[in-house]
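Me: I am new to this structure. Please show it to me, and then I shall ask a few things about it.

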Amino acid sequence: MTDSKPKLLIVEDDAGLQRQLRWAYDDYEVLVAGERESAIATLRAEQPPVVTLDLGLPPDPDGTSEGFATLETILSLQPETKVIVASGHGAHESMLKAIAAGAWDFYQKPIDIDALGLIVARAFHVHALEAENRRLAERAEAGTELGGMITGAPEMLKVTRTIERVAGADVSVMLLGASGTGKELLARGVHESSPRKSGEFVAINCAAIPETLLESELFGHEKGAFTGAVKTTEGKIEQAHGGTLFLDEVGDIPLPLQVKLLRFLQERVIERIGGRKPIPVDTRIVCATHQDIDAMVADGRFREDLYYRLAEIVVRIPALAERPGDAGLLARHFLRKYAESMKAGVRNFAPDALAAIDAWHWPGNVRELENRVKRAVIMADGKSVTAADLDLESAAEDSAPINLKAARETADRKAIRHALARAEGNISGTARLLGISRPTLYDLMKAYDLQP
């Protein structure tokens, strides 16, 4: 029956107290260790959710150095473990130091079994809730909606809600945003959330194909239409019949080809190069560009009539620097992804790495972040990725508003969002990172209309 009981690791060198605690916690599968080496070995083998840790361990039973070293090792190996620390040595000072080091709670010796029992029970409950939150977050990241878009920023959540609303309407969508902001991911989201999801999603980068070949790629060609055309070939528009065609960097389509694309959008028929027969095609168009398309229309470099056919719905995608907290969320996602695929031992980010991720302005957006994390997984020497592994230096802070009240509110919002992202929405963890109490955090979140 012990297999069904939650595992509780008690790290205590007093044999009498070991027996007392083992007897008191019959509802748990109690594991006991008397010093650091056996405690870490048990942690690795059994992965208990909760640990009670006496700071006075041999060979320093009269001090706390060995206990704090054990605490540090436990949290580096298993950061989600709830460690409840006990000490009779300078209790108040030890309590503050232990909580700052990452301990979940603290109790003083001599032990009150009932009080400690309540702390242990609450620790198991919180651990279970956080584990469920992580499972839900990972399920959301698995790509069940919007192509797997990961975000917690209000600016990006507004974009995803817009995509969800327009996906079901058979209209052309234009996505505007800088390179690396996830335009193709959102285009896939439009397709996968639409009635056309059983059809093909076909993508073509209009900037990556020479002008002389782009027409053939889009509209296809008949056998013998030009030198090298040894067989009849369908174009991308035909391949996406019944589905969605994504035209990436649509601003790079040359003017003569824009005319032919406009005819398709108006009449929903195409003619292959060298062909004489109109071919009806039912294809939805989603396009994207990082260029200033309005300026291109004004300058005559992009046809106005084609623009209005393509831009029935326009969605502007914010840069990563404009999405508070998302850099941390995405960094953890990429860390898990590449650590698993490369069989690397990297588990988390060091504090300096998290600070650098929050501070950097990300000119290359999500693509830059993914590349830096991938490189860091390869380069990291230990269990944690450092700022040096990411090749990042803290960015200079943007100029703050002159009004002190506005400056404080802006700073508070930014700090809370970053802390929520770093603590994965856990309120207790967020409050610890911010150095405030849970009630104070709740009051601030209510005042600033923030959600975990």
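Me: What covers the buried residues of α15?
Reply: The cover includes α13 (326-341), β13 (348-349), β14 (384-385) and α16 (387-390). Buried means under 20% relative accessible area, exposed over 50%, and partly exposed in between (1.4 Å probe, protein chains only). Helices (H or I, at least four residues) and strands (E, at least two) are DSSP runs, numbered from the N terminus. This is a predicted model in which local features need pLDDT of at least 70 and side-chain atom pairs count only at pLDDT 80 or more, while totals for chains, interfaces and linings use all residues. Residues are numbered from 1 along each chain as its sequence is written, and side-chain values use heavy atoms, with hydrogens and water left out.

Me: Which residues of α15 are buried?
Reply: Among them are N365, V366, L369, V373 and V377.

Me: Changing topic, how many salt bridges are there?
Reply: The count comes to 19, a salt bridge being a side-chain nitrogen of Lys or Arg within 4 Å of a carboxyl oxygen of Asp or Glu.

Me: Which residue forms a salt bridge with D282?
Reply: R196 does, with the closest N and O atoms 2.6 Å apart. R196 lies in the loop between α7 (183-192) and β7 (201-205), and D282 in the loop between β10 (279-280) and β11 (284-289), so the pair ties together parts 86 residues apart in sequence.

Me: Are R196 and D282 buried or partly exposed?
Reply: R196 counts as buried at 10% relative accessibility, whereas D282 counts as partly exposed at 38%.

Me: And where does R323 come in?
Reply: The side chain of R323 meets that of D326 in a salt bridge (2.9 Å, N to O). D326 is buried, with a relative accessible area of 0%, and R323 is buried at 2%.

How values were computed
Contact means heavy atoms within 4.5 Å.
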